[in-house]
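Let's take a friendly walk through a structure together.

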Amino acid sequence: MNSWMKKLLQVLPEKQILTDLADRYSYSFDASFGEYLPEAVVQVKNNHEVAAVLRVANVYKVPVYPRGSGTCLSGGPLPVKGGIVMDMSQWPEKIEMQPEDLIVKVSPSARTSEINKAAEAYGLMYAPDPSSAHVATIGGNLAENSGGPRGLKYGVTKDYVIGLEVVTPEGKIIKTGGQTIKNVTGYDLTKLMVGCEGTLGVITEATLKLISKPPATQTILVSFSEVRTAGKAISKTLTSGILPAKMEFLDQACIRAVENFQPAGLPIEAEAVIIIELDGHPESLKVEKELIKGIMKQIGAVDIIIPKTVEEAAGIWHARKQVSPAIAKIKPTKVSEDATVPRSRIPDMLDRLNEIKRKYNVEVVVFGHAGDGNLHPNILCDKRDQEEMLRVERAVAELFQAAIDLGGTLSGEHGIGTMKAPFMESELGAAGVDMMKRIKNSWDPNHILNTGKIFSEQGQRLVLRHD
Amino acid sequence: MTNLKEIQEKVNYDKLFDCVQCGYCLPACPTYETMERETHSPRGRINLVKMVAEGKAEVEDLRNPIEKCLGCMACMTVCPTNVEYNLIFEGAKEVIEDHDVKPAALKKTEDFIFNSLFPSSNWMGSIGNAAWIYQKSGLQKAAQTTHLTALALHAGRFERVMPDLPSPIERILRKRRVLPDYKLRTTVAFFTGCVMDAMFFKTNQNTVELLRLSGAEVLMPKGQTCCGALHSHAGKAESARELAMRNIEAFDLEDVDYIVNNAGGCGAKMTEYPQLFEENTTWHERAKEFAAKVRDISEVLVELDGLTFTQPVQRLVTYQPSCHLTNIRRICDEPRMLLHAVPGILVKELERPDFCCGSAGIYNLVNYDESMKILDLKMMDVKERKTNTIITTNPGCLLQMKLGIERHGLEGEIEAVHLVDLLMEAGPSAK
């Protein structure tokens, strides 16, 4: 047994340290690419355990990889340099509502949908709604600054965090922010932690902001004969004085995949559809619904469907949820990207994606939260086909470049992780990345926390091929 | 070095790639909840199967995670990419069986169960030849004499909840063909099941009566045998295949519209018969035709819609669905529709009806402690409903719920009842 392992045994109960091969392989992956075998998995259950493990790791310079439920799409929890996976998912769940203050205090292991459920009991809402909310932990959501369809109107995870408890890589327990809405005391370390992808600290408690839950929703399904028109319809709607909660885009390939998979009555002749959800008071929804109808007609939509019942509306959203599994039937491997552009450039981005698809002869389908410019171009391929994967790698690289050229970003909500690390400089410039590295160095001088993420190594490039 | 190609074939290697490791199965998995690690989650298990099939881990590494899987298949229902975990799981079980890595105690227990309790070779035909049940009071003793400490320790608990058995005369006098009183609407064959017929003979008789009242001619072909689910789930594919062939032989499909059963687990296995045979073989084709006619009693009763219930039943009821009825057959509504048709009854749904009860075939015998952890979670849910009856649709679940009632000291307060018996209590008559 190596010496750091012996030390771990002194600071953690033995049953919380997993070293069997089967256990280690079970924490070697997430929902993205690649498999990396850690030397140990520790299951921490309170902030002192986290601090103790980090202190050992910091002394012995062993990399530590914090992990929630492992639903990450960008490789956040992957133990790319071996070392220790720190499993936070078995931490006893705490969701402490303070409804009068419109805040909730949660443990890192609390599942995001459970937080929202607890809030709803008081007529409140925790707004960020990543599609994995029923599985993912809030700790993971905070580390990755997760988004979701409601991001259009309500913003993303970072907009709802007002205070954190964090353990630093050197094993110190600190507090950031507090429990008030307004707070300008010192640097905003809270915002620095959220979205740091677990590279600066381990979040052990969060204080989250809640808002009141809108009393009603209205779904509208609009179909278009041209993709560009659909793109224009998004900007047009958003500049007309209406702010829908969600505006989701599906291209024809997605529509047809869903209809082949589990027919839901989507218009298969349409080149694209936009699914809108308005929320608010029932009376104002009536007015906004008519306004949207007018806008869509004027811009040249082929068809506007307004569901009459709650069930019909649920059917439309169910179809939207079926996109992911449906497109997986086209080809087994899904390279799911989330490059994001300013909303007015969506039509241009869609054109660029089309070019990329032709140029590299790859299968690309596009859907996503178009209302906030956050498209999800998915390249469908087969990871057992090396030649195809090489073309996919090139297509992905060009896709990132396209987003940057159009004034957008590499990642809207999935995170940088390992795959997008080589492209950081083209978006931020050398000096920009360098400032980030300086922050990393001062927080984590021994580079033990989630090392190998965000920043690329010399000569690192995107690799989707594995032997 | 083990033969990887053979392992890959057995575990359906290509199907492993359907799993995108999204983790959506985690909240649905009972053992992930009770055992608290990815190793005992569906995607963890699938990944391990892959590691073994790629030679990165040994079969021995796979044994415990697969052995501790209930096989409830709740993961399949929530899986967004439709991973066929049932095939992967049974393949992995077979690989483990082939590689002889099971610990001696487990092997002994399994041998006892399969050779003495469910004697695959002698479990022939004649319905009611349930010799082991007549020795039910001897289960514990038998286990002791064969030095099965684990089984012997717990056998007593199972014996205490076993129902009273009918005399052999009742079995002998059973009719092999019954006709409806009025209009003949359909002809069905009844699959009796081995555990159902041995331990819940009365429920089987009630099933036939409900079918008859609904206007069905009911045939009970001789020569039918155990469905093979338990064998299949234990990696004994060859025995399962043998039993499947006997059943396929026993039923003359041209004579009947459906093959009806009242055990969710058996029904699921019988619809999976085609998977036991290589494609493009005669047996595969025959299995497909057989499987297409398999129906749960609840489906048939709802379809025939031939019953009215005349007797109000003053019960507060909660429903524990059979996992395989839900997750393999995907039958959720029919049993509930029947429950709601009973006058006087009040139905309260469990908070998590789709969470396994921990019975899982012989899981509660070979993994007693793990099974009890899961059962305790189920009983907490049951207690919170404050009902006096738990309805089930499978013999394993029925026994387990009886065990749970005893374990939590609720005898006299809560009763576990098969759906069919509840319906009989409600004074069914032909419409």
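## A strand and its partners

In β3 of chain B, A216(B) is the bridge partner of T186(B). T186(B) belongs to strand β2 of chain B, residues 186-190; strands here are DSSP runs of E with at least two residues, numbered from the N terminus. β2(B) pairs with β3(B) (residues 216-219) in the parallel sense over four bridges, where pairing needs at least two DSSP bridges between the strands. β2(B) also pairs in the parallel sense with β4(B) (residues 258-261), over three bridges, and there F190(B) stands opposite V260(B).

This is a predicted model, in which local features need pLDDT of at least 70 and side-chain atom pairs count only at pLDDT 80 or more, while totals for chains, interfaces and linings use all residues. Residues are numbered from 1 along each chain as its sequence is written, chains are lettered from A and ligands numbered from 1 in the order written, and side-chain values use heavy atoms, leaving out hydrogens and water.

## Which way do the side chains point?

In a regular strand, side chains alternate between the two faces of the sheet. From β2(B), T186(B), V188(B) and F190(B) point one way, and T187(B) and A189(B) the other. All of them are buried (under 20% relative accessible area, with a 1.4 Å probe and protein chains only).

## Where the chains meet

The contact (heavy atoms within 4.5 Å) takes 33 residues from chain A and 27 residues from chain B. Five salt bridges cross this interface, each a side-chain nitrogen of Lys or Arg within 4 Å of a carboxyl oxygen of Asp or Glu. K56(B) and E35(A) form a salt bridge through their side chains, at 3.2 Å from N to O.

Technical notes:
Buried < 20%, exposed > 50% of the residue type's maximum accessible area, 1.4 Å probe, protein only.
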